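Let's walk through this chain together, from the whole fold down to single residues. Have the viewer open and turn the model as you read.

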Amino acid sequence: MPFARLATATTPTCHIGLGLAAIGRPGYLTLGRDEDLGADRSVEALRTRTHELLDAAYAQGVRYFDAARSYGRSEEFLASWLTARPGIDDIVVGSKWGYTYTADWRTDAEAHEVKDHSLATYERQRAETAELLGERLDLYQIHSVTPESPALTDKELHAELAEAAARGLTVGFSTSGPAQADAIRAALAVSVDSTPLFRTVQATYNVLDTSAGPALAEAHEAGLAVIVKEGMANGRLADPHAPAAVRAVAEEAGAGSDAVALAFVLRRPWAGVVLSGAATTNQLASNLHAAVVDLDDGQVARLDMLAEEPGAYWQHRASLPWH
């Protein structure tokens with residue numbers, strides 16, 4: 001599978017990926033993002049910023065890049081970057097389907113994205129992704145599967161996904177919400193002709209929400225590659241918003257709170273790739289420092305104490321404004 005490419009990478013940062021959620025569209029729910037991007041949120045400005053971040057990430061050893069149909073023009077920006085750099089052939093490219101971007105490049109839209117896990121949406125969005133990324137797409141994920149998602153029971157959808165897998169595309173899923181563990185375990189049970197359908201899982205896991213950890217360990221044991229998103233809890237674990245305990249450990253480690261937050265996740269033996277959601281090259285450089293932050297057991301134990309009840313965590317996340 002394409003993730004085997006990451007196993008051959010030798011840089012410390014090969015297990016950190018770059019997610020494009022925060023820079024593929026003008027609005028997103030990360031604390032401080034309004035200051036990060038400034039006033040110019042034009043398509044050209046964000047395309048240029050995306051290319052700069054992709055260049056910086058690749059130069060510093062990042063080899064996984066993550067987009068989605070609902071991340072504004074993230075696939076388009078990634079595709080144009082790849083076209084301009086045909087010699088880059090040692091990366092893994094992932095995207096997601098299941099949400100449609102509806103904000104029309106506005107930050108004040110009533111709805112920024114609409115969820116639909118139907119077969120018709122898969123077929124439409126698969127064609128849209130193929131038009132942009134073509135054969136460069138390695139991984140296609142169902143976006144934000146929850147336990148009640150029809151994507152877990154739709155046999156026709158499963159058959160089409162299995163056909164795509166037979167043609168060489170890796171099929172995965174991402175999860176969100178307080179019941180991530182239930183969704184992961186339900187997805188692990190999905191098979192086509194006795195063959196497990198999903199080969200990767202992408203889930204939220206961070207200092208403040210560790211609830212998916214046991215299920216992610218089970219997925220890893222079952223052979224799935226685990227991708228961790230929102231390792232900094234949408235900015236809540238980055239300076240200046242980080243809790244005092246995170247900032248204290250960061251001072252001890254000689255790193256930023258963001259690097260400590262990501263190092264906390266990288267320390268998990270099942271974490272294959274941990275995503276950076278950086279919006280600036282300085283943020284990216286600080287995030288990548290996580291690869292060399294060595295947390296001791298005592299520091300990890302102090303961070304473990306910050307975990308919130310999942311329902312409270314996700315309620316807080318839902319309250320964050322789109323900047």
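Predicted model: local features only at pLDDT ≥ 70, side-chain atom pairs only at ≥ 80, totals over all residues.

Residues are numbered from 1 along each chain as its sequence is written, and side-chain values use heavy atoms, with hydrogens and water left out.

The chain has 13 helices and 12 strands; these are DSSP runs numbered from the N terminus, with helices (H or I) of at least four residues and strands (E) of at least two. Its radius of gyration is 18 Å, close to the 20 Å that the globule rule gives for 323 residues, so the chain is as compact as a globular protein of that length. That radius is taken over C-alpha atoms, and the rule is 2.2 Å times the number of residues to the power 0.38. Along the principal axes, the C-alpha atoms fill a box of roughly 50 × 40 × 40 Å. Of the 323 residues, 55% count as buried (under 20% relative accessible area; exposed is over 50%, partly exposed in between, with a 1.4 Å probe and protein chains only). Contacts (heavy atoms within 4.5 Å) tell a story too: among those between residues at least 6 apart in sequence, 79% join residues at least 24 apart.

Now look at helices H5 (residues 119-133) and H6 (residues 155-166), which pack at an angle of about 25° with axes 9 Å apart. Axes here are lines fitted to C-alpha atoms, for helices over the stretch in contact, and angles run from 0 to 180 degrees between N-to-C directions. H5 and H6 are therefore roughly parallel to each other (angles under 35 degrees). On the H5 side, Leu 119, Tyr 122 and Glu 123 meet Glu 156, Leu 157, Glu 160, Leu 161 and Ala 164 of H6.

Next, find Leu 284 in helix H11 (residues 281-288). With 1% relative accessibility, Leu 284 counts as buried. Beyond its neighbours within four places in sequence, its contacts include Leu 18, Leu 53 and Ala 56.

Finally, Asn 234 sits in the loop between strand E11 (225-229) and helix H9 (244-253). Is Asn 234 buried or exposed? Asn 234 is buried, at a relative accessible area of 5%. Leaving out residues up to four places away in sequence, Asn 234 touches several residues, among them Tyr 28, Tyr 313 and Arg 317. Asn 234 and Arg 317 are 83 residues apart along the chain, yet their C-alpha atoms are separated by 7.8 Å.

Key
Parallel < 35°, antiparallel > 145°, perpendicular 65-115°, else oblique.
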